[in-house]
Amino acid sequence: MKRVTRALLLTLAGLPALEANDLVDKDSPFYYDWESLQLGGMIVGGLLCIAGILIALSGKCKCKYNKKHSSLPERATPLITPGSASTC
């Protein structure tokens with residue numbers, strides 16, 4: 001009985017696929033050309049990667065920072081010294 005039920009369910013589940021003439025309806029508003037989208041994304045990603053490498057290696061984009069020394073001492077004293085923390 002299980003075999004017959006399984007065969008019937010598989011047949012019923014496969015009927016819509018058998019009746020469809022064209023599985024890809026290119027006129028549908030939900031049809032996406034994934035291959036072109038993937039190719040375009042790879043091209044844009046490659047161009048951005050190359051542009052980033054060129055900018056990094058060009059030397060024109062340098063970090064300008066102020067070389068002033070801060071008012072803090074070079075060697076700060078630790079807030080907690082060994083033995084000063086008490087355990088309760």
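The protein chain holds 2 helices and 0 strands. Helices (H or I, at least four residues) and strands (E, at least two) are DSSP runs, numbered from the N terminus. This is a predicted model: local features need pLDDT of at least 70, side-chain atom pairs count only at pLDDT 80 or more, and totals for chains, interfaces and linings use all residues. Residues are numbered from 1 along each chain as its sequence is written, and side-chain values use heavy atoms, with hydrogens and water left out.

**Exercise 1.** Compare the span of H2 with the expected span.

*Solution.* 
- Take the rule: 1.5 Å times one less than the number of residues.
- H2 has 25 residues.
- From first C-alpha to last, H2 reaches 36 Å, close to the 36 Å expected.
- Then look past the end: Gly59 follows H2, with a positive phi near 85°.

**Exercise 2.** Find the secondary structure of the annotated segment.

*Solution.* 
- An unreviewed UniProt entry annotates residues 36–57 as "transmembrane region". Such positions are given in the numbering used here, feature names are shortened, and annotations may be inferred rather than shown by experiment.
- Residues 36–57 are 100% helix and 0% strand.
- Their end C-alpha atoms are 32 Å apart.

**Exercise 3.** Count the aromatic pairs and name the geometry.

*Solution.* 
- Rings of Phe, Tyr and Trp (its six-membered ring) pair if their centres lie within 6.5 Å; planes under 30 degrees apart are stacked, over 60 edge-to-face, the rest tilted.
- The count is 1 aromatic pair.
- Tyr32 and Trp34 form a tilted pair, 5.5 Å centre to centre, with 55° between the planes.
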